[in-house]
Amino acid sequence: MTCDEAEILIHALIDGELDAGHAREVEAHVAQCPRCAAALAAYRQMSQAIASADLRYSAPQSLRLRVEAALPKAAPAAAPAPSRRAILRGFALGSGVSAIAATGLFAIMLRNDDQERINSEIVSAHLRSLQAGHLTDVLSTDQHTVKPWFNGRLDVAPPVIDLTAQGFTLIGGRLDYVDARPIGAVVYKRRAHVINLFVAQTSNTARREARTETLQGFNIRTWSERGLNFWAISDIGADELAEFSEKFEAAARTNTEG
Amino acid sequence: MQSGRWVAAGRTAAFSETAGQKAMPVTSLDNDPNKARRFRELTLPHLDDVYTLARYLLRDASDAEDAVQECYLRALKHFDTYRGPAIKPWLFAILRNVCRAEYARRAAAPAAIIDDTAETAEQAPLWHETEETPEAQILREHDASAIRRLIDTLAEPFRETFVLREINDLSYREIADAVGAPVGTVMSRLARARAMLRSAWMAEQEPEK
């Protein structure tokens, strides 16, 4: 590989866009070319600084109302009986109905049997992930490697937050299936225990307080925040799992507000 | 900053191909509330994303708001042509077209425009303050507005590709769809954009003594 090629391809490497073969080629070139190695390091550093600064803008409320007013009225959601897929609607559509939910036109109710069924699927997914070689699709303790990996694989990239300093080590990410839909899983370790954090977009932007349930010996902590549903599952104690979700939320808030 | 650049009415008319229809049913979608609901469900969650891109493309808050509204109206009008799967690149492609029209309008009305961005675009960044403490440098490193200023100095196609990747989190394929260019072009634009930013970045990190 020449430097000219590498000059372009190191960006694809940083962005997680290269297949394994090409990634190895670029890495091999970088290993023996100090100039390209320096460039790669500098671009990585830059990407991380950009990712950690919040560069997005929030649409002003006035604009939100203007746009909503300009669109034709939506039909209310089909009848009260909530679709069994309601909780996972976002997977298929890549969307929620945040704005409508916010206007209070309708709220998606979750039936308990839906939650139980999803919880048991979460347990199955967790168990599957513990089998040899199933835990991670992308193995990295660097949140800026794990997060881009999800781009293009899911409509909603799950927030990937390194909690090593808080005692939960990020070890990678994985694409999983729950309720027959693709779902992002971010994998952490606490001592020898694996924590799978499943993240799905929800059609309801209301904040839902975290609560812990126990199923087949696993603790599952679920909460909703910023239009996402979270399921953290592990065999660690309920108090430690609660600590995990609190640390995660605290870090997530700093990320979005900082 | 941009005050007095335009008369409000002129701006709306220039922006909006649907300006005259606002009070009327926009499309036959009104007869199909389910489709309207689907449109809302699909597109409204991305309002912040669309607005973010508009801000970076137009570099003006009030123009960005107008462009976003026009983008949603056009998207609704052409919703039948949406074939999925990802809605964001489709919305962004529409927003781009809205912004193109705005660029053309800005170019056609030079007298009314005091374009302070065009001049600075070609210049080196202005923040070479000397005698900074390391702490101040660290602060600056993480100052979102400083990074935004750097991004704003990039020329348009590079800024667009860069923002779609780094801030809107699109994959290369999705960027290619949104800007209607081959993936190879996306890759070279991104490499150029980052190279330009890197120079500006270095200039900022190592102020001249």
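Author: Helix H4 (residues 61–77) of chain B is mostly covered, with 13 of its 17 residues buried (buried means 20 or more other C-beta atoms within 10 Å of the residue's own, exposed 12 or fewer, partly exposed in between, with C-beta atoms placed from the backbone). Helices (H or I, at least four residues) and strands (E, at least two) are DSSP runs numbered from the N terminus. The model is predicted: local features need pLDDT of at least 70 and side-chain atom pairs count only at pLDDT 80 or more, while totals for chains, interfaces and linings use all residues. Residues are numbered from 1 along each chain as its sequence is written, and chains are lettered from A and ligands numbered from 1 in the order in which they are written.

At 1.5 Å a residue, its 17 residues should span 24 Å, and the end C-alpha atoms are 25 Å apart, which agrees (the expected span is 1.5 Å times one less than the number of residues).

Now for the core. The largest nonpolar core has 66 residues, and those with the most contacts inside it are Ile10(A), Ala54(B), Val68(B), Cys71(B) and Leu95(B). Such a core is a set of buried Ala, Val, Leu, Ile, Met, Phe, Trp, Tyr and Cys residues joined through C-beta atoms within 7 Å. Leaving aside residues up to four places away in sequence, Leu95(B) touches Val50(B), Leu53(B), Ala54(B), Ala67(B) and Cys71(B) (contact means C-beta atoms, placed from the backbone, within 7 Å). A second, separate core of 31 residues includes Val199(A), Leu241(A), Phe244(A) and Phe248(A).

Elsewhere in chain B, helix H5 (residues 87–108) packs on helix H10 (residues 172–179) at about 35 degrees, with the axes 7 Å apart. Here axes are lines fitted to C-alpha atoms, for helices over the stretch in contact, and angles run from 0 to 180 degrees between N-to-C directions.

Ile8(A) is partly exposed, with 15 other C-beta atoms within 10 Å. Not counting residues up to four places away in sequence, Ile8(A) touches Met187(B), Ser188(B) and Ala191(B).

Key:
Contact = placed C-beta atoms within 7 Å.
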